[in-house]
Amino acid sequence: MNEILIEKALASVKKLFEGNSDGHDFFHTERVYKTALKLAKTENADLEITALAAILHDADDRKLSPETCENKLNAGNILTELGIDSERQTAILKIISEVSFVGTDSPVPETKEGKCVQDADRLDAMGAIGIARAFAFGGSRGRQMYNPDIKPTLNADSRTYAKIENSTSVNHFYEKLFLLKDMMNTEAAKRIAKEREQFMKEFLEEFYKEWNG
Ligand code: ADP
Ligand code: NI
């Protein structure tokens with residue numbers, strides 16, 4: 001893997017994310033990149049494709065860049081600047097287009113590289129950091145932390161998930177975070193996800209205990 005290329009890609013993405021604080025920041029990208037690379041090594045996947053897809057996976061996120069999210073212009077431009085050939089660009093952009101959780105019918109990537117990037121992104125939504133991100137995100141959208149009168153929408157497919165409104169950050173655990181463990185692609189990610197889910201369950205137990213005095 002060409003380290004200089006990776007450093008350049010990281011620097012380009014860092015610029016895009018400057019000032020974002022809802023948990024969708026450069027540090028999220030950096031963690032996803034590192035985790036994806038570790039998974040890629042255990043899966044014998046192409047390290048450079050995995051690394052570039054991980055680094056660019058949120059460069060055209062709908063919330064960050066609504067005007068480029070359809071055509072992935074930020075990612076495409078950076079890949080062109082880095083001199084990545086069109087065949088590899090196509091592979092990387094496909095991974096990015098399939099990475100997100102959109103509901104129970106979320107796409108399962110065909111390639112090893114795509115599986116690693118998707119697992120890494122989902123692992124970052126779990127555990128201590130996942131909890132922090134959920135509350136940071138909820139807060140940034142004016143969502144309540146918790147409200148026992150608002151029930152979660154369980155096992156939503158993409159059509160239903162996209163329409164969830166007026167939910168809470170605690171509900172997000174049931175609407176997405178607790179579904180992730182069984183959606184992991186790689187064996188290594190399944191093991192990590194199990195531990196992180198356990199931690200999220202303990203967190204919620206304590207949360208309800210304190211809530212109920
Ligand atoms: P990514 O694909 O990078 O995991 P998303 O764009 O789906 O991320 O969400 C960014 C972060 O915010 C994730 O940690 C996610 O779990 C969290 N999040 C997304 N939607 C909600 C929500 N409705 N309430 C609370 N947290 C959310
Ligand atoms: Ni992400």
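Reply: The account below takes the metal site and then the helix pair.

The model is a predicted one. In it, the nickel ion (ligand 2) is coordinated by four side chains: His28 and His57, each through NE2, and Asp58 and Asp121, each through OD, at 2.1 to 2.4 Å. Along the chain, these donors of the nickel ion follow the spacing H-x28-H-D-x62-D. His57 belongs to the loop between helix H3 (47–56) and helix H4 (73–81), whereas Asp121 sits in helix H6 (residues 112–123), so this pair ties together parts that are 64 residues apart in sequence. His57 counts as buried, because its relative accessibility is 4%, under the 20% limit. Asp121 is likewise buried, with a relative accessible area of 14%.

The helix pair consists of H1 (residues 3–17) and H2 (residues 26–43), whose axes come within 9 Å and cross at roughly 150°. Since angles over 145 degrees count as roughly antiparallel, H1 and H2 are therefore roughly antiparallel to each other. Their crossing is right-handed. On the H1 side, the contact is formed by Ile6, Leu10, Val13, Lys14 and Phe17, which meet Phe26, Thr29 and Tyr33 of H2. By class, the residues of this contact divide into six nonpolar, one polar and one charged.

Key:
Residues numbered from 1 in each chain as written. Chains lettered and ligands numbered in written order. Predicted model: local features only at pLDDT ≥ 70, side-chain atom pairs only at ≥ 80, totals over all residues. Heavy atoms only, no water. Axes fitted to C-alpha atoms, helices over the stretch in contact; angles between N-to-C directions. Helix = DSSP H or I, 4+ residues; strand = E, 2+ residues; numbered from the N terminus. Parallel < 35°, antiparallel > 145°, perpendicular 65-115°, else oblique. Left-handed = near helix turned anticlockwise from the far one by under 90°. Contact = heavy atoms within 4.5 Å. Nonpolar A, V, L, I, M, F, W, Y, C, P; charged D, E, K, R; others polar. Donors = N, O, S within 2.8 Å, 3.2 Å for Na, K, Ca; no water. Buried < 20%, exposed > 50% of the residue type's maximum accessible area, 1.4 Å probe, protein only.
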